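Hello,

Here is the structure you are taking over. Please open it first, then read the notes below.

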Amino acid sequence: MTTTNAKTVKAIPLNSKNEIVTNTTYRNNIASNYTEIIEQLEKNFSYEENKNEYWGPVELSIFYGSPLYEQASETQKIALNHLYWITQYNQTAATEANAVLYNQVTEGVFNAVGGYDILCKELSLETEQEHAHMHAFHSVGYATRKALFGNTAFSRPKPILSKINSKHRLTNISLNLPNLNWENLKEDAWKRISIQLSSGNGKQFYSEYLLSLEQMGRRIPVQTSGLLGQVVPASLSKLLTTNFGSSPFSACFFYATRYMANMLLKNWEQRYLQHYKQLDQSGSIIPAPVAISYYHMLDESFHTTISQLISQDLYKEFNKPTLYEQLMANAVFYRGQELLLSGLSGVMPSTFRNDGVFLQPLYRILRSPVFDFDHDTTMHWLQRALCEEHDGYHMNLKHHHRLLTAMKHAFQPLNYLWPVNRQLGIMSSGCSIMRNLQANKKDYDLFSKSSNQMKNS
Ligand SMILES: [Fe+2]
Ligand SMILES: [Fe+2]
């Protein structure tokens, strides 16, 4: 464990590049009104008024390019376009909930280090903005689901897919961890482990935010969804949090994962931004969700700049990571690749995982009033969409290529990452239609068997 003081190891030059970028971003962000516009758009949103328009390019639709899409009616195609929007932003909201917690945890570390006042103000502002974004995404999602699915929109689905879904989650078994009740380990124990093994100079840089929770007698929130809610099981979520809150290095590493999420988002949100501009230039009606996407992307461009700055440059101002911190960072990054970047969806554009995890929601869409298929017809179209090669897969290869190139460029400079992470090895190997067809077929067969059993029981 290192014992030198991170504050005295390297003097931060005034007006350094990092400082200039931070100050400029904060100044521009505080002067912007994109969040306020999003709040207004949400307030005035009515599904009825937006239901006849596409909410983005047609190819950003669930099932686009599959045989089912070819034979769908215009109304169904519009619904699939709306459902893509709400699905993507539902996932975005979950990952932004991670950012709300970890922005505060890591801001508490930068505050403890001192000298990063503007950066901390920017992070607080970003946290407020994420709250507004999440609220807007949930409101539009709720109204859309209610309009398209009617009374069944919020009923709990029967757990047909428990086997398939559980294999996508990390468990103590797959980690080969001793059979302890990790959840009940006291927060104090996680804190001690994190502090002892990190480069944070003992308690010196422990997050002021986490300390304030402790003083108020409040527990550390557990994250179970979003990118970081999935990379570790719920029982280890607090360890991840105390890690991010224990040293400047680990605080900075959080922004590498946030940068990954920013890039995943930008890969499809950029298309909404272009769509907005085209509609605007031609004087056409701009549906509210397209405008929300447009202003969200403008807000997120500030966040992306900060994620990039901290993850690529700022971490160099602090002590080098300990072996433990390197291991944790690489394990989290590796798991992030496995979860969100290791496959190629045939039905969800710009989504890079196999479709097993989506089978249940896809089944519900086809059984809903939007299609009103019976069980056998639903299974027929699911089989064709997931297990047969079609244009949807080929279109997704293009999204994959664009993101892979951007990610390799972004993470190459992070010299503490293992080559498989720096070069996005898992993501690269997922780029195969054949491999994904095989994986989808396995999950489809499992789903088919389970749903038949349920149908006959
Ligand atoms: Fe956001
Ligand atoms: Fe953000």
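Two residues are in contact if their C-beta atoms, placed from the backbone, lie within 7 Å. With that cut-off, the buried residues of helix α10 pack against α13 (237-244). Helix α10 covers residues 187-197, and its buried residues are W190, K191, S194 and I195. Viewed down the axis of α10, these buried residues stay within an arc of 125 degrees, so they line one face of the helix.

The mean pLDDT of the protein is 90, and 89% of its residues reach 70 or more. Two stretches need care. Over residues 1-11 the pLDDT is below 50, although this stretch has 16 contacts in the model beyond near neighbours in sequence. Residues 168-178 also have a pLDDT below 50, with 13 contacts beyond near neighbours in sequence. Where pLDDT is low, the predicted coordinates should not be read in detail.

Next, the nonpolar cores. The largest one has 62 residues, and C252 and I310 have the most contacts inside it. Helix α14 (residues 248-281) gives the most to this core, namely twelve residues. Which residues does I310 contact, leaving aside its neighbours within four places in sequence? They are C252, Y255 and Y315. There is also a second, separate core of 49 residues, and among its members are F63, Y69, Y84 and F137.

Regards

Terms used:
Residues are numbered from 1 along each chain as its sequence is written. Chains are lettered from A and ligands numbered from 1 in the order in which they are written. This is a predicted model: local features need pLDDT of at least 70, side-chain atom pairs count only at pLDDT 80 or more; totals for chains, interfaces and linings use all residues. A nonpolar core is a set of buried Ala, Val, Leu, Ile, Met, Phe, Trp, Tyr and Cys residues joined through C-beta atoms within 7 Å. A residue is buried if 20 or more other C-beta atoms lie within 10 Å of its own, exposed if 12 or fewer, and partly exposed in between; C-beta atoms are placed from the backbone. Helices (H or I, at least four residues) and strands (E, at least two) are DSSP runs, numbered from the N terminus. The arc is that of the directions from the helix axis to the C-beta atoms. pLDDT is the predictor's confidence in each residue, from 0 to 100.
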